[in-house]
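Hi,

Here is the model I promised to pass on.

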Amino acid sequence: MNTIPSLKGFVGRVLLAMPLCFCIWYFSAFIWTWPIAELSHRVLRLFFSRLIASVEHAGHTLDIVTNLGDIVQYTRHQKMTALVFSINPLVYGYSLAFYSALLLASRNYQPKAWLVGIGVLMLAVVFGVCFDVLKSIAFDLAPPGMSYPTGFSAWQLNMLGVGYQVGYLVLPAVLPLMLWASFNPAFFQEWRD
Amino acid sequence: MNRFFILFMIFLLVSFVGELATPVQERFIIPFTEAIAHISAGLIQFFDAKVIFRGVEIINSGNGFAVSIQAGCNGVEASLVLIAAILAFPSSWRAKLLGIVIGFLSVQILNILRIISLFYLGQWNYDVFNWAHLYIWQALIMLDVLIVFLVWLKFSSRLIKA
């Protein structure tokens, strides 16, 4: 049974576990960002192949190769080559380290809790990365006063903005707590009692 | 537990999308963020007179370094997470109201500490600042939300038993 004797003890263990979990998370980032790159590539190519050529794994970052060079022609004699920009997946992936610290602190050593939780969080990272890519293309990359002809309607641009904010602000923050709570229901009952 | 999670996600997503609306941003969020910058700068001025604030920015007038408090750094999203969790959990409305008010203040106190620490970390070492800003403090703020929620759980269960 995974019971926590006191809130102080639990919080103390989380704070002790966090440096270890964050160090392992950061120095292994070149490994766990690879499936993120692969999945993001597949999702973006499936739905937005007109805009995205590829998502390439580059150590801690992802290089996004767009097709905007085929879409944009500045002058009759000048055509832009492929536009490439980088995304930092770690800003969506800190949830992995935080979740691991919560599990260690609650002495929940079930492999299923860790594997399922990490799997769900990785999907959330892919969500965040994909919306970051689309948001960057739609709002950030064009020179001031210009926008690329992405084909997004006004409603779709709004949804892009919401999706980006959810992927950046909500999912990495909330999912670790929800997953930890779902794998430790006895904790809440005993805590309340 | 499933009912709690479903209600929590509904409350959170509705409040989050509502918070993103332009009228809400203009009338509440931006003025609130400016107030947070004002309070943070005011606290810093007790020991560092060179610090000023302008809008949502806190500026060191000595070396020109500045931080701008944006979405995710004003404590609003963390507060919405806490409020959604309190609203979703079955308890009396009195307990919910007390939890929301005290919980909101607790989150904001830690958030102001975050802003002040990042302001000085940024002046010391930008790589450490990025680490603290993008990864560590995000987790610590959510840990604070969890702690406040757990304390409120204990308090609300005692109210029911009383």
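Helix α6(A) gives the largest share of the lining of the largest pocket, 7 residues. This is a predicted model, where local features need pLDDT of at least 70, side-chain atom pairs count only at pLDDT 80 or more, and totals for chains, interfaces and linings use all residues. Residues are numbered from 1 along each chain as its sequence is written, chains are lettered from A and ligands numbered from 1 in the order written, and side-chain values use heavy atoms, without hydrogens or water.

That pocket has a volume of about 530 Å³. Its lining counts 24 residues, and A:Gln165, B:Glu19, B:Leu20, B:Gln25 and B:Ala71 are the closest to the centre. (A pocket is an open set of points on a 1 Å grid where a 1.4 Å probe fits, with protein on both sides within 12 Å along at least five of seven lines; lining residues have an atom within 4 Å of a point. Helices are DSSP runs of H or I, at least four residues.)

Now the core: the largest nonpolar one has 119 residues, with A:Trp180, B:Ile58 and B:Phe149 touching the most other members. Helix α5 of chain B (residues 126–161) brings the largest share, 16 residues. (Core members are buried, under 20% relative accessible area with a 1.4 Å probe and protein chains only, and are Ala, Val, Leu, Ile, Met, Phe, Trp, Tyr or Cys joined through side-chain atoms within 4.5 Å.)

Over on chain B, B:Leu97 sits in helix α4 and counts as exposed (over 50%) because its relative accessibility is 57%.

Cheers

Technical notes:
Helix = DSSP H or I, 4+ residues; strand = E, 2+ residues; numbered from the N terminus. Points joined across faces, edges and corners; volume = space filled by probe spheres on them.
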